[in-house]
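Please look over the sequence and the three-dimensional model shown below, and keep both at hand while reading. The paragraphs that follow go from strand pairing to domains, then to one helix residue and finally to the ligand.

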Amino acid sequence: MRIDVLTIFPDYLAPLSLSLIGRARERGLLDVSVHDLRRWTADVHRTVDDTPYGGGPGMVMRPEPWGLAFDELVPVGTTPPRLVVPSPAGVPLTQALAADLAAEPWLLFGCGRYEGIDQRVLDEAADRMPVTEVSLGDVVLFGGEVAVLAVVEAVTRLLPGVLGNAESLTEESHTGGLLEAPMYTKPPVWRDRPVPDVLRSGDHGRIARWRRDQALVRTARRRPDLLAALPPGTLDATDQLA
Ligand code: SAM
């Protein structure tokens, strides 16, 4: 997958060289380029913002650098990328959206700052590529960079070959609609707290049942909205919610 990121703070994206994303890049599974939006400014101050029409506090990102950046990164005649723009007004980032984005060959991210990007940038971009505004949650951040890191991480771990054990993708929270059961590792007793006996029993049937029960109870308590959204037939007669 190819990923391009447009930002006025390229250093903010340094974690894209670390850990499993860095490894995926080294292995050629991911081709990441981070671009400084100010490269497409022409004035001595490399200005990217201006005051909002209609008044109000803060500044808005001017359209020209964005337009020039898109022109250069997405030349006419090429199959365009999907443009992903972090925004508190976007669709919530979910595992389903991450899977959808992971199926794309090329993602182009545009990081907003200040009070956001001039709306015409998004409108014009939508004439030449699919555009998805994505929200990290009902909260306001300083800029889109942290959201891009989160989206790239969620997407990268879904790419074939990135995770050593692909099974971990099928058995985790937000994949089957339930939150994952609590996990334990060694030692068997830590600060007088033992690991649940069943997990050390070696009885795979009982362990699976216990994990399913824990997942159901956890989801019912913490995220009843997820439980309510399960497709009919997901729960069976042996499932208990308390
Ligand atoms: N004035 C905007 C509003 O009220 O919707 C908020 C602008 S915010 C200070 C600056 C930038 O941070 C946004 O353009 C967006 O790129 C990013 N951002 C802020 N909150 C976000 C969130 N919850 N999800 C994704 N991106 C966010």
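Two strands are said to pair if DSSP finds at least two bridges between them, and the elements themselves are DSSP runs numbered from the N terminus, with helices (H or I) of at least four residues and strands (E) of at least two. The model is a predicted one, in which local features need pLDDT of at least 70 and side-chain atom pairs count only at pLDDT 80 or more, while totals for chains, interfaces and linings use all residues. Residues are numbered from 1 along each chain as its sequence is written.

In general, strands of a sheet pair through backbone hydrogen bonds, either parallel or antiparallel.

Taken as a whole, the open sheet consists of five strands with parallel pairing, in the order β2-β1-β6-β5-β7. Its edge strands, each pairing on one side only, are β2 (31-36) and β7 (131-135). On average, neighbouring strands of this sheet are turned by 30° against each other, direction ignored, where the axes are lines fitted to C-alpha atoms and angles run from 0 to 180 degrees between N-to-C directions.

The protein is divided into domain 1 (2-156) and domain 2 (171-228), with bounds that come from an automatic or database domain assignment. The centres of the two domains, taken over C-alpha atoms, are separated by 37 Å.

Val155 lies in helix α5, which spans residues 145-156. Val155 counts as buried because 25 C-beta neighbours lie inside 10 Å, the criterion being 20 or more other C-beta atoms within 10 Å of its own, with C-beta atoms placed from the backbone. Leaving aside neighbours within four places in sequence, Val155 is in contact (C-beta atoms within 7 Å) with Ala98, Leu101 and Ala102.

Which element gives the most to the shell around the ligand? That element is β5, with four residues. Of the 19 residues around the ligand, Pro86, Gly112, Gly116, Leu136 and Gly144 come nearest, a residue being near if its C-beta atom, placed from the backbone, lies within 6 Å.

Terms used. A residue is buried if 20 or more other C-beta atoms lie within 10 Å of its own, exposed if 12 or fewer, and partly exposed in between; C-beta atoms are placed from the backbone. Two residues are in contact if their C-beta atoms, placed from the backbone, lie within 7 Å.
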